[in-house]
Amino acid sequence: TTSSGSGNITIGSGVTLLSNAPAFSTTLTTNQSLTTSTYTKVIFDTEIYDTDNAYDTSTGRFTCPSGKAGKYFFTATISMSTNYGYVQVDFYKNGSSIYRGTAVRNDTSATNVNATIDLSASDYVEVYCRTGATNDAEGGGSHTHFHGYRIGA
């Protein structure tokens, strides 16, 4: 390429280029009730983007599309609408907890969890939240969100 960035790049045979797709970004529109000491699935009901139509806003589930198996990076943040004693946020893969993030405080802060998860086609990832007292995951766009993208094969 030229110094201005124009031109062509030649990729040798046997080289595979990967983009960070599928990728998605979701938020929670309105508060969602969380039950004391019970893992509750958080349904992020609004998509900001979803490159491969792999996130379902009705189930709160990201499903790895056919032909897109690989390693994925996920992040989720849950904000509480009222003070809390503790909050646990888990990633579930195919119905079982795989990673947990925990916050122990007594205010309306947020807690998050980040993870790299290896997925095969049709594997799915969901976010669950458990609190020490009845509370709500705070909706409103910027408060509670779930994102992910493929980082490699």
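Two strands are taken to pair if DSSP finds at least two bridges between them, and strands themselves are DSSP runs (E, at least two residues), numbered from the N terminus, as are helices (H or I, at least four residues). By this criterion strand β1 is joined to strand β4 (residues 46-50) by four bridges, and β1 and β4 run antiparallel. The structure is a predicted model, in which local features need pLDDT of at least 70 and side-chain atom pairs count only at pLDDT 80 or more, whereas totals for chains, interfaces and linings use all residues. Residues are numbered from 1 along each chain as its sequence is written, and side-chain values use heavy atoms, with hydrogens and water left out.

The chain contains 13 strands and zero helices; from the N terminus on, its elements run β-β-β-β-β-β-β-β-β-β-β-β-β. Along the principal axes, the C-alpha atoms fill a box of roughly 60 × 35 × 25 Å. The accessible surface, computed by the Shrake-Rupley method with a 1.4 Å probe, comes to about 7,600 Å², and carbon and sulfur atoms account for 47% of this area. For residues, only the protein chains shown count as cover. A residue is termed buried under 20% relative accessible area, exposed over 50%, and partly exposed in between (1.4 Å probe, protein chains only). Of the 153 residues, 39% count as buried. With contact defined as heavy atoms within 4.5 Å, 71% of the contacts between residues at least 6 apart in sequence join residues at least 24 apart.

Charges were assigned by counting Lys and Arg as positive and Asp and Glu as negative, without His and the chain ends. Each charge was placed at NZ of Lys, CZ of Arg, CG of Asp or CD of Glu. The mean positions of the 9 positive and 12 negative charges are 8 Å apart.

Strand β1 (residues 23-27) is largely enclosed by the rest of the structure, because five of its five residues are buried. In a regular strand the side chains alternate between the two faces of the sheet. Both faces of β1 are covered, with Ala 23, Ser 25 and Thr 27 buried on one side and Phe 24 and Thr 26 buried on the other. In the pairing with β4, the bridge partner of Phe 24 is Asp 50. β1 also pairs in the antiparallel sense with strand β13 (residues 145-152), over five bridges; here Ser 25 has His 147 as its bridge partner.

Strand β8 (residues 86-93) is likewise mostly covered, six of its eight residues being buried. Eight bridges join β8 to strand β9 (residues 96-104) in an antiparallel arrangement, and Lys 93 is partnered by Ser 96 of β9. The hairpin of β8 and β9 has two residues between the strands, and Asn 94 takes a positive phi near 55° in this hairpin. Asn 94, located in the loop between β8 and β9, counts as partly exposed because its relative accessibility is 33%. Leaving out residues up to four places away in sequence, Asn 94 touches Ser 122, Asp 123 and Tyr 124. Asn 94 and Thr 63 are 31 residues apart in sequence, and their C-alpha atoms are 9.4 Å apart in space.

Thr 40 is found in strand β3 (residues 40-41) and counts as buried because its relative accessibility is 15%.

Cys 129 is buried at 0% relative accessibility, and Cys 64 is buried at 2%. With a disulfide defined as a pair of cysteine sulfur atoms within 2.5 Å, the count comes to zero disulfides.

Ser 79 lies in strand β7 (residues 70-79) and is buried, since its relative accessible area is 8%. Beyond residues up to four places away in sequence, Ser 79 touches Ser 109, Ala 110, Asp 136, Ala 137, Glu 138, His 143 and Thr 144. Ser 79 and Asn 112, 33 residues apart in sequence, are separated by 8.7 Å from C-alpha to C-alpha.
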